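Student: Could you walk me through this structure and the terms used for it?
Tutor: Gladly; let us take a look together.

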Amino acid sequence: MTTAVSFQHVSRHFGSVRAVDDVYLDIAEGEFFALLGPSGSGKTTCLRLIAGFEQPTSGHIEIFGATAEGVPPYRRNVNTVFQDYALFPHMTVLENVAYGLMVKGVDKAKREAEAEKALALVALPGYGGRRPSQLSGGQRQRVALARALVNQPKVLLLDEPLGALDLKLREQMQVELKTLQRNLGITFVFVTHDQGEALSMADRVAIFNEGRIAQVGTPEDVYERPETRFVADFVGSSNVLPPRISSAAGGPERWISLRPEKIAILREGEAPSGRFSAAVKVKAVHYQGAGTRLNTETAEGAVLNVMAPSALGRFREGDVLTLHWAPDAVHVMERET
Amino acid sequence: MTPATELPQRDGLTRRFSDVLFRRPSFLLLLLLVPPLLWLGIVYLGSLLALLLHSFYSIDEFSGFIVYEFTLSTYGELLRLSNLDVIIRSLVMSAAVTIGCAIMAFPISYYAARYARGKWKAIFYLLIMLPLWSSYLVKVYAWKLILAKEGIISWLAEELHLTWALDALLAIPIIGGPSLSFSYIGTFLVFCYVWLPFMILPTQAALERVPNNLLEASADLGAEPQQTFRSVILPLALPGLIAGSIFTFSLTLGDYIIPQIVGNSSFFLGQAVYTLQGTAGNIPLAAAFTVVPIVVMLIYLSIAKRMGAFDAL
């Protein structure tokens, strides 16, 4: 399989800030790849390095085998869907979409036909005559997508493209983007801070923390088998327990990750069946519709978050519970940080 | 006990007044709008209308009294060769000054909007506004000295052995003259100097509002820097340039001091109005002359609008 984008020991420093710090990354052709991390973790800078808006302080970037350092954005066969869409306000939708072809010297009739085709692809046929200001957020997002796709890029970069949309629309666009990517076969590099989005859409995910990649893997890899405490906590808010607590509950004397939904709850008086258990007191109750998230504390002072299905009834602050979990629910972290 | 929904009473005239305004927002609007509307309606538009009215009267050539009868003959007089000359001279100068200011202002504005940060931005504003703090007359006389035959520019040209270039410039028919301070070139330079801030500030404001990601989007879509400039930066800065050009154009069109001090003493619109209403006492013709810039500006703005200069607003 061809490598679409390759980062070799890439760093981008802004003064003393290491926005991207010694990143090594390979993105395969045709892959839907997500860069996931909290804000300021370096994921957007990585995207800008691929687009060419930033140049690496050190290291080497290849796009389809060609060296990317020193190549300006307008000579790269890579297109970006910007976070706030960056549509040209003084042009119509059609002119926006045809812009990439216009600057390449494609004649008017041909580029307008191509732009119409791209608009049809994103389900906005006939919107060409409008101004961006006359469109809704979701429609602008589609125009931005069409404007990038009309150039037939080898890699499409998406910078938090769904961030400004409301929940329903976001879920709909997630499905559409995924389908579009499958059909077109273009490599998508997708920046997001929303772990749900990354897990549901991407083939592989890179988790960023403080300019470095904490883990790269499939969504199952990073969720089920987090390599570091940061990944376990950031992806799905796992319970990260230190060795002391782990062994007290009957587990290994290592840092472990324990998913809230994998913990079973016993009321006072019921006997635990498994080896791994802990007595806890409920500190806070967060009702979430389908279930209730309980914030509990063990006698040793360790905090354990538990998802209680609604069938278990209601919980109150101060309830004393026994938690237990199956041996395979525990994931032992390979690295501590 | 006071009701739970109300805070303890704080009596007083201003408080009661605020309550009235809160309950009747339309009254507040009225209060805010009446003074400026009175000003605009009576003082501003009123005097403009009085002026317009006078331009439709004529003057009795023998007595010198104004004949209060509707006539278009005053406007007809504008078309007399000597008067048409003044109008054309003023229009060409205004257009030249506007273009000159735009060319000088754009790079300065671009730097200030896109690169200057913090302290440098403050310095930029200071330097741009600095000339506006000193007297207009003093600046014009200072320029007369700079441009004079014995002035800095001729001295500099001599030191640099470029006197021949200056002479060649002054030898150009019409715009040349015996020295810079007695030529249209001199008038043009002083106009450009005096009105430049009025071009820079709106242009800079327009450029400031062009988000950086639009330039990145343009580059991302394959546009070379000069294509981005032509297709994105310039169209988006155009409203600012037009706003600036309204200032430079109309200010040049109406000015009567600069051409009097620096230049070859041929009349511009402002001077024509000044002498007509003063020494000549021909208020109707002065009024008709004054209508010229208004009409020119209206035509200019409608052309600008048709060209899409305000589409990005």
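Tutor: Two strands pair if DSSP finds at least two bridges between them. Strands themselves are DSSP runs (E, at least two residues) and helices are runs of H or I with at least four, numbered from the N terminus. This is a predicted model, where local features need pLDDT of at least 70 and side-chain atom pairs count only at pLDDT 80 or more, while totals for chains, interfaces and linings use all residues. Residues are numbered from 1 along each chain as its sequence is written, and chains are lettered from A in the order in which they are written.

Student: What makes β6 and β10 of chain A edge strands?
Tutor: Six strands of chain A form an open sheet with mixed pairing, in the order β6-β7-β8-β3-β9-β10. β6 (78–81) and β10 (212–217) each pair on one side only, so they are the edges.

Student: How do you know that β9(A) and β10(A) pair?
Tutor: DSSP has to find at least two bridges, and these strands share five, in the antiparallel sense. Within this pairing, Ala206(A) stands opposite Val216(A).

Student: How do you know that chain B touches chain A?
Tutor: Residues are in contact if their C-beta atoms, placed from the backbone, lie within 7 Å; 16 residues of chain B meet this with 19 of chain A. The largest share of chain B's side, six residues, comes from α10(B).

Technical notes
Two residues are in contact if their C-beta atoms, placed from the backbone, lie within 7 Å.
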